[in-house]
Amino acid sequence: MQEQIEKIKAEVEAFDLNGSEAHAEAYRLKFLVRKGVIATLFDELKSVPKEEKGSVGKMLNDLKRFAEQKLESAKAATSNAPAEESLIDLTLTGRRQFLGAEHPVQKVLSDMKRIFYGMGFTLRSGPEIELDDYNFTKLNFPAGHPARDMQDTFFIRKSESGKGESGKDDVVLRTHTSPVQVRTMLSEKPPIRVICPGKVYRNEAVSARSYCVFHQIEGLYVDTGVTFADLKATIYSFAKQMFGSEVKLRFRPSYFPFTEPSAETDVSCYICGGKGCKVCKQSGWLEILGCGMVHPNVLRNCGIDPEIYSGYAFGMGVERTAMLRYGVDDIRVFFENDVRMLSQFE
Ligand code: DAH
């Protein structure tokens, strides 16, 4: 009997509970239930000689307690095991969420748009891949105009005749936003009061001051009785809101094929207040835009009768203002998408 008890004790000791509930249950069924191995030994106690009963009984009780304790401590160990969630290491560095920021060029463009919306202009847009006809011909560019040269314009399709090989029209990357004027006038009737912002492309040598792509914003107002005075008032109002109420304006006579008369507009340098500095090259003035009264040929080309209607138009670059506002001295950084630059505008 003692031997048997020793053997069962060794079995209890050797039983691998393995931290799992299934193993623990198998162990309980084997040793600890009413018909289990240990209970059976207790039954056999009856047949043990009287004088040994005391010591064998004690051995059996020890075995039973030993077996029960083994199960209890195994259960305690599993229930103390860390729950799934607490396996997350709270001391690890978090993953940073990066927020995008408005590009400095778009910031300036947004300001410009907001000012014109306040004056009753609405938004129009056109494609960057544009018909030569809209980019040049309908805007009254003569056939041999230098802007039509491959040196200045990216042609997507070009032929000697102005028609592609298969008789299709020449196609360019628009060199200015003025073709959106044409598209608007062809599809809408006056009164027209629109702004057209967007990217334009020029086949120029890339440098700190000029890039092959940049942004312009175009303005067009066509109605009965529109005069140069309306144009000046609009530009004045825009310039004061954009560059400060102190700025002065200067209109210099100029030439564009699509306007007559034409002018270029300067604002008094808002860096030095007009005294003269490095930025304005000591002149006290900064050029901001080209403008003029829409040429009668352009109105006619777009199906608007110049005997009834007149209009003004203007176009201005966006990058130069962004460069001055943010003290950027190389236009190329606006197009490189380097986060070290962009994140400064978050
Ligand atoms: N399109 C001209 C340019 O790219 C700018 C311009 C000048 C636009 C006069 C106009 C305008 O609408 O009237 O340089």
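Helix 8 runs over residues 228–243 and has 16 residues, which at 1.5 Å a residue should span 22 Å. The expected span is 1.5 Å times one less than the number of residues in the helix. The end C-alpha atoms of helix 8 are 22 Å apart, which agrees with that expectation. Helices (H or I, at least four residues) and strands (E, at least two) are DSSP runs, numbered from the N terminus. This is a predicted model, in which local features need pLDDT of at least 70 and side-chain atom pairs count only at pLDDT 80 or more, while totals for chains, interfaces and linings use all residues. Residues are numbered from 1 along each chain as its sequence is written, and side-chain values use heavy atoms, with hydrogens and water left out.

Which residues of helix 8 are buried? They are L231, T234, I235, F238, A239, M242 and F243. Here buried means under 20% relative accessible area, exposed means over 50%, and partly exposed is in between (1.4 Å probe, protein chains only). Seen down the axis of helix 8, the buried residues fall within an arc of 130°, so they line one face of the helix. The arc is that of the directions from the helix axis to the C-beta atoms.

At its start, a side-chain oxygen of T227 reaches to within 3.2 Å of the backbone nitrogen of A229. Just after helix 8, G244 takes a positive phi of about 115°.

Helix 1 can be read in the same way. The residues I5, I8 and V12 of helix 1 are buried. These residues cover an arc of only 65° around the axis, which puts them on the same side of helix 1. On the other side of helix 1, E3, K7 and A14 are exposed.

What does helix 1 pack against? Helix 1 (residues 2–14) and helix 2 (residues 21–32) pack at an angle of about 170°, with their axes 11 Å apart. That makes helix 1 roughly antiparallel to helix 2. Axes are lines fitted to C-alpha atoms, for helices over the stretch in contact, and angles run from 0 to 180 degrees between N-to-C directions. Angles under 35 degrees count as roughly parallel, over 145 as roughly antiparallel, 65 to 115 as roughly perpendicular and the rest as oblique. In this pair, I8, E11 and V12 of helix 1 meet Y27, K30 and F31 of helix 2.

Helix 3 (residues 37–44) also packs with helix 1, at an angle of about 170° and with axes 11 Å apart. Helix 1 is therefore roughly antiparallel to helix 3. Q4, I5 and I8 of helix 1 make the contact with V37, I38, L41 and E44 of helix 3.

E13 also belongs to helix 1. At 46% relative accessibility, E13 counts as partly exposed. Leaving aside neighbours within four places in sequence, E13 is in contact with F66 and K70. The C-alpha atoms of E13 and Y309 are separated by 106 Å, and these residues are 296 apart along the chain.

K158 lies in the loop between strand 3 (155–157) and strand 4 (171–173). Its relative accessible area is 36%, so K158 is partly exposed. The C-alpha atoms of K158 and H103, 55 residues apart along the chain, are separated by 34 Å.

A cis peptide bond joins P190 and P191, with omega about 5°. P191 is in the loop between helix 7 (179–187) and strand 5 (192–201). The peptide bond from E260 to P261 is also cis, with omega near -5°, and P261 is found in strand 8.

K281 is not a glycine, although its phi is positive, about 55°. K281 sits in the loop between strand 8 and strand 9 and is exposed, with a relative accessible area of 63%. N337, also a residue other than glycine, has a positive phi near 55°. N337 lies in the loop between helix 10 and helix 11 (339–342), and with a relative accessible area of 53% it is exposed.

Key: Polar contact = N/O pair within 3.5 Å; in protein donor to acceptor, adjacent residues only side chain to side chain. Contact = heavy atoms within 4.5 Å.
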